[in-house]
Amino acid sequence: MIEHMVATQSLDVPRKLRFSEQFTDDVSTLVTTFISEIIASYNKDPKLIHSMNASLAFFLYDLLSILDRGYVFLLIKAYCKQMSAKISSLPDGATLYSLKLDFVRILCSHEHFVALNLPFGTPLMWSSAPASPTPSQASSTSQARDKTCFAELSYEYKQQHYLAGLVLTDLAVVLDMQNPSLHMKAVNTVRNLMTCHDSDARFAEPEYKARVATLHLPLLVIVMDMLPQLHNCNADTRGRLQPNEELEPQAGINQSVAMAIAGTSMFGIKVTPSDKVKIFQQTRRAGLSNETTRNLLICFLWIVKNMDKEVLRQWWLDLPILRLRQLLEVLNICISCFEYKGKKVIKHSVQQFNNKTLDIKSRLEDVILGQGSARCEMMLRRKERNPTSPGWTGDRLRWRKEQMAYRPATDVPDRQSRSQAESDAHIEGNLATEVSLVILDTLEQIVQVSSQSDHLQCLLGPTLKVLLHALSRNQSTFVLHNMFATQRSLVFKFPNLLFDEETEQCADLCLQLLKHCSSLLSSIRSHASASLYLLMRQNFEIGNNFARVKMQVTMSLSSLVGTSQTFSEASLRRSLKTILLYSEEDLELQDTTFPEQVKDLVFNLHMILSDTVKMKEFQEDPEMLLDLMYRIAKGYQNSPDLRLTWLANMAQKHMEHNNHTEAAMCLVHSAALVAEYLHMLEDQSYLPKGAVSLEGVTPNALEECAVSEDVLSPEEEGVCLGKDFTESGLIGLLEHASNSFYSAGMYEAMNNVYKVMIPITEANRDYKKLANIHGKLHDAFNRMEQLHGKRVFGTYFRVGFYGSKFGDLNGEEFIYKEPTLTKLPEIFSRLENFYAERFGPDNMVIIKDSNVVDPNNLDPDKAYIQITYVEPCFEPYECRYRLTHFDRNFNIKRFVYATPFTTSGRAHGELHEQFKRKTILTTANHFPYVKTRIQVIQRKQVVLTPIEVAIEDIQKKTAELAQATQQDPPDPKILQMVLQGCIGTTVNQGPMEMAIVFLSEFADGKGTPSKLQNKLRLCFKDFSKKCSDALRKNKNLIGPDQRDYQRELERNYHRFSDRLVPLITLCNTHPHDKLASHSHRLTCSS
């Protein structure tokens, strides 16, 4: 055709007149035949069809240079129309759609792609005719509508920009399909197109590149619509605008989709908004891969970067707020997607890729050489049957794998991988910097747009959120310098944004600034310190007090200390010194209280850092670590926000060690603190009356009562600013505490927690939560009933520390709460191993008795630990209301342990010389508490005489008998075991011997018993009665096979009673009493 034009000298002739009408009809017929053949045979010979499809695309590509372009567009339209018709009739048109994407890709690689799309004459192009200086309202509305049309995949846009409309329509429809390979192909087409634009010298000037970027503006809308599909995107609904999201996926592609694919709406067939909704909802969207997401976002950022800023701002002014929020969310995702991961991660990725490549190459070589194949095995067998002739030294290999010339040296791949890793790291670093700067520039433009319109002021909060997200990621020094400048500008222009509206983001900003204040790079520290100082200054200038920032900074540092182990303490101290210097040299505020307040804050932060050092030292000692955290939290008694932060840190530590009860107690204390300050803020009848309302859960909750009576208006003092100091925050803490109690098996405590929570929920008419609460209570009560008599709780030990090596712990005693069924050797081993590792095995001594320790008799160069098992101890009045096993193991603070001794110095002796020393210890708080060890604050010793020891032993046996007899349902095995222990032939000498030793003087009926002897006599009577009851109960429970065993027990009991009666019967006993006693024995024996 070109040769014909040269021969006929028609190169300068108008395109429509270059060829005859008959020839163009023949071309149309040829193209139509090609299209029909491609569609008919697409699944028969894929290689041929791909070649034909590409050839047709290149043919039309060339025709765009010599024929009338309107005519060529009609040919392209015919291709798209026939392809879409076929695709709509197939259940899976992925193959044809792949061919169409290749077809469009080739066409769009035309050197005059931009010119073919007519990038002028639209409301968004900078070369358009000037607008009227005084436009009417109708014309303004019309202009806004026209701008919107050309910023989306509308009918007007696709009519004006035909090829660009084809590419972007394909992209939008493909991203709705569940085919990752098509996703990648469509996105790569757009990316390659923009790569060509960016490197094209014709568009090097900014105004030209801006026009090209505006040509692709609908891509921004497509990406915002695809927000939920982007890799690592949160699965929320903010990114979707269309209704009816839960439509089920349909098979195949419907006619509307096919028309959209064909682009037929550009030539007279208009797609209505309702049709567009159906098109974009025909299937449930599949998530994009990481690589596809990155390529798509690169295109997004290229457009945002190169578009004319004034055009971009004008478009944003016309967008709804939801769209602008989606734009910010896409920028937020870009920060994460293009974050610089570091050379180690990149090198590891390159190494993995190279290993995979070498493995595939090795397998291919083995196949070529025949190694490991069936043919190789056959040749070996043949060689064994037919040995080679003498003198033959060669083999039948065509080449030797290990001697091949192309095979590289072993160290070449390592050098290549290192070089590639360095190159990739360099590229990734530059890309991350460029992306961050584009995002930062876009955020500043959004701030400008928001400041121009009152209804867009709500975008400032999300903008700040994106900026804070960027600050929290790995950024280059250059980017951080610019980010700090933007942050300072934002705070200066809109101070109320942080201090009145976005209080949570104020906390986040303080945290990020403190984190960068601990940077090892001095330039980053200086910028972060300046930003933090200006934040304090801005807050002070608003109300002569920067209490909010002071609180948030201290909370942020506390949180950083409690959760992060990577910050540099020395760097942070330098930054704090810089802030102090700023305040001292700030002449404008020298006559105010600001410098003094800054000094107090810096001093407080230094104290926190000092405690941090100790926390690091005791990282492996959970009890000491929690003691330090408790001490820091205790220091914030008048600062509820900070105390809440540290209680949360303590709860997290307990959860890591599976101490669910202690974690629940931290949450209960947090709830009590919130309740106390809520009661001060608003006295509602349904709200708890302060911390006292949680006294039913634990008496320790009273610690959270406000100790400072001058805190009358917490909201004016810069306290209680967090989200937890609300009704919903209180409910969340109580619910979390209840869940932890459930995990710990403390079901009764759950009930007490919900007693505080239910009135609030009822007042809020939250019936769904009420149903949930009562469901959990129902489950808890069922568990209590199922586990009745089978529940076990914590074990308690007294631990004493002696020796100067322990520092502050020297001479202190603690009660340790250990997990259920912990044995004494276990805690021995744990503490001994820990402190032996710390002080050295030779310097560590465990005292294995429970006698009083005299520090003067100990080696001052060694560390001594004394460990004793203790049990809860109760006053007589307490036993009346501590009825259940849970009651006797919850909210306890008195413990007892016994030490046997004799006057001769031995631990054990005869009954008449066996004394017992009972030591009663009182702790500072009730168990369970926010920590697993509590200091002993009171120690009381009671010495029992030998007869009192005997009385205690008989009372203990009597109680065991009574419990076994009254157990419901009865347990024969437990009952027989207890009976055997009381009146068995091998053990009945114990009680009997006690009676003989202490009551033998009354055997002849003479003498008057002392008070203790009389008490022992009554105890034996009760013991005998309980044995009789137990025998009668056992007789009703046993089967025929245990009758002999029952008779043996009865004989033992009769012998025991016959010997005991003379010892416990006084001479003045009425004859009727003797007869009754004898009758009772006879009844029992019968």
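Reader: Why does Glu818 count as buried?
Author: A residue is called buried when its relative accessible area is under 20%, exposed when it is over 50%, and partly exposed in between (1.4 Å probe, protein chains only). Glu818 has 8% relative accessibility, so it counts as buried. The model is a predicted one, in which local features need pLDDT of at least 70 and side-chain atom pairs count only at pLDDT 80 or more, whereas totals for chains, interfaces and linings use all residues. Residues are numbered from 1 along each chain as its sequence is written, and side-chain values use heavy atoms, with hydrogens and water left out.

Reader: Where is Glu818 found, and with which residues is it in contact?
Author: Glu818 belongs to strand β2, which covers residues 813–818. Strands (E, at least two residues) and helices (H or I, at least four) are DSSP runs, numbered from the N terminus. Contact means heavy atoms within 4.5 Å. Apart from neighbours within four places in sequence, the contacts of Glu818 include Glu623, Phe797 and Arg830.

Reader: What joins the side chains of Glu818 and Arg830?
Author: A polar contact of 2.9 Å joins these two side chains. The term requires a pair of N or O atoms within 3.5 Å; within protein, one must be able to donate a hydrogen and the other to accept it, and residues adjacent in sequence count only if both atoms are side-chain atoms.

Reader: What makes the pair Asp441 and Lys309 a salt bridge?
Author: The rule asks for a side-chain nitrogen of Lys or Arg within 4 Å of a carboxyl oxygen of Asp or Glu. The closest N and O atoms of Asp441 and Lys309 are 3.8 Å apart, and the pair forms a salt bridge. This pair links distant parts of the chain, 132 residues apart: Asp441 lies in helix α20 (residues 412–452) and Lys309 in helix α16 (residues 309–318). Asp441 is partly exposed at 33%, and Lys309 is partly exposed at 24%.

Reader: How many salt bridges does this rule give?
Author: The count comes to 37. One of them joins Glu952 to Lys918, with 2.8 Å between the closest N and O atoms. In another, the side chains of Lys1025 and Asp1029 meet at 2.9 Å, N to O. Both of these residues lie in helix α39 (residues 1011–1037), 4 residues apart, or about one turn of the helix. An α-helix has 3.6 residues a turn, so residues three or four places apart point the same way. Arg537, Glu541, Asp586 and Glu588 are linked in a network of salt bridges.

Reader: How do you know that helix α31 is close to its expected span, and what makes it mostly covered?
Author: The expected span of a helix is 1.5 Å times one less than its number of residues. Helix α31 (residues 660–681), with 22 residues, reaches 31 Å from its first C-alpha to its last, close to the expected 32 Å. It is described as mostly covered, with 18 of its 22 residues buried.
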